[in-house]
Amino acid sequence: MEKTYPLLNSVDFPADLRKLEKSQLPRFCDELRGFIIDELSTNPGHLASSLGVVELTVALHYVFNTPDDKVVWDVGHQAYAHKILTGRRAVFCTNRKFHGISGFPNPKESEYDAFVSGHASNSISAALGISVAHQMEHNDGKVIAVIGDGALTGGLAFEGLNNVCVNPNNLLIILNDNNMSIDMPVGGMSRYLTEITTSKFYNNIRFKTYHLLKQIGLMNDNKRNRLVRMGNSIKNVASGSHNIFEGLNIRYFGQVNGHDVSQLVKVLNDIKDFEGPKVLHIKTIKGKGYGPAEHDATVWHAPGLFVRETGERIKSDKSGIARYQDVFGHTLVELAESNEKIIGITPAMPTGCSMNIMMEKMPHRVFDVGIAEGHAVTFSAGLAKEGMMPFCNIYSSFMQRAYDNIIHDVALQNLNMVLCLDRAGLVGQDGPTHHGAFDIAYLRPIPNLIISSPINEIELRNLMYTAQLPDKGSFVIRYPRGKGIGVDWKNAPLVEIPVGKGECLKEGGKIAVLTFGPVGNAAKKAIDSLSEPEKAKVGLYNMRFVKPLDGGLLKEIAAKYKTVITIEDGVLNGGFGSAVLEFFADNNLAVKVKRLGLPDSFVEHGLPDQLYGLVGIDTEGILKVIKEFI
């Protein structure tokens, strides 16, 4: 460490960084970038996005007095350099590991993490709140929001911008424009940002004019706003362009080379004391400094293990078992080939959800709408209203941002469409901001929704096939991240599943285990490990649907068994087990019920097997509960 990274090794906190000479910063950035590459080659994480902001991160901590000055990172995929510079270099090897540091900024972890950053597009709104609070408390601490051009496609970012220009604040918004989110960005904002220009001559004159007007007392709020608008008009003439930020009376500076740390330090020092909201537009390269990541930033967003010297990615899973998202992607193409009404919609995650498979074969029938989940759902509703069959695929955690759209634009009209919730359940190392813990509970109260979950890959295909059949209504299919159980799904025929019907996988005599989704496979393993006398006492039921529940099957179970154990990979409050309890209560069925699922707390990050063990719904945990009741 001392030989390889001598400058980096001398910096534990930003205060140490500020002791370096400005001329040392380029070399420091090289060492920091090398350290990130070294670490992530053996402990996988989000590589390309973090490499792209090394110089920006160094410049921010060099210029601003963090943690008194607050930096709010959007998403946090890009915050590894920030973590390393803020007291966590020695423990960075635990990044995203069970009981290790989080892969995202988290105020509970460090005072340098100003806000939780797990979902995109929230940085401007959060930073504006912090900045206004500073103003009200006469706190002269600076507030900076760092947002990427991909996150700027989210509606919340526009709402924040709209509010920035009307509230008194000194917020600095840094637009990290790398022409990428995870996949290539889409929409007018992306094209617009690549064309935006500004006059250096104009800005030089404006800086000097600003200081002169401030000295003679002409920069109170009302006069300043009028002068800003006048200045914007002058700039439009001088530069031959107009931009959305200036149109909102937000000072705009840019474009600046985001990989020139010396220039960044100079510009940040020049503008940091300017009053009022301002935007600094920097251009960066995602994956900067590592050839393979620069060449294919989508693959190298989170590449897994790799050989640093060659860029060869190391496959950790050699089982050959397909991931649920790949089963979804191939099945969607198969269904679309026979049903011309099928349309694919994704909010900026075509590769993550495997809709890129259909995008390559039928590009005119797939729409990537950018990081805009609410729009994705309502856009799909519009398609469905006119007779199309949209498959709208959104990660379970991200679907939370489209809740109102599901209720008002989909369910209220009982539209024929499919909402596919990828990454349902515990997703692993991305942690609590990404776990799909709440979808069962938040969707159950909504009328007109069919809510299903497959136990394996074949059932996922059959649910997709069923959902696109005529007059099925608003159909939800939830499934987990990662690989299935290895059944031969490619050669299995597509079969309609009766809506609201479960199945008995094994008869028993005393205890009925009811499962919803792939967690049923862990229950099956637990039951299979029992002795033969014990095994005979336990029945296993794959319920498939939480709405509508299979009432007939539940009545049969209540008549036969004294005890029911429900198992789900969602929160217990309002989930599948609650639905079973409600059914038994409403029908005066006296059955003892034990519910297994996620607790009323946020589950940390770690490998999925570790997390399911932590909450007691892995094979061992299920087995323990079954034996207690036996």
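Modeller: A pocket here is an open set of points, on a 1 Å grid over the protein atoms alone, where a 1.4 Å probe fits with protein on both sides within 12 Å along at least five of seven lines.

Colleague: Okay, and how much space lies in the second largest pocket?

Modeller: In this predicted model, where local features need pLDDT of at least 70 and side-chain atom pairs pLDDT 80 or more, while totals for chains, interfaces and linings use all residues, the second largest pocket holds about 580 Å³, counted as the space filled by probe spheres set on the points. Residues are numbered from 1 along each chain as its sequence is written, and side-chain values use heavy atoms, without hydrogens or water.

Colleague: Which residues lie nearest its centre?

Modeller: Those are Asn106, Val116, Pro432, Thr433 and Phe602, out of a lining of 25 residues (an atom within 4 Å of a point).

Colleague: And how does that lining divide by class?

Modeller: The lining of the second largest pocket comprises 11 polar, 9 nonpolar and 5 charged residues, with Gly counted as polar.

Colleague: Switching to the open sheet, what is the strand order?

Modeller: The 5 strands (DSSP E runs of at least two residues) follow the order β12-β14-β13-β16-β17 with mixed pairing, where a pair needs at least two DSSP bridges.

Colleague: Which strands stand at the edges?

Modeller: Those are β12 (503-506) and β17 (592-598), and each has a single partner strand, so one side of each lacks a neighbour in the sheet.

Terms used
Helix = DSSP H or I, 4+ residues; strand = E, 2+ residues; numbered from the N terminus.
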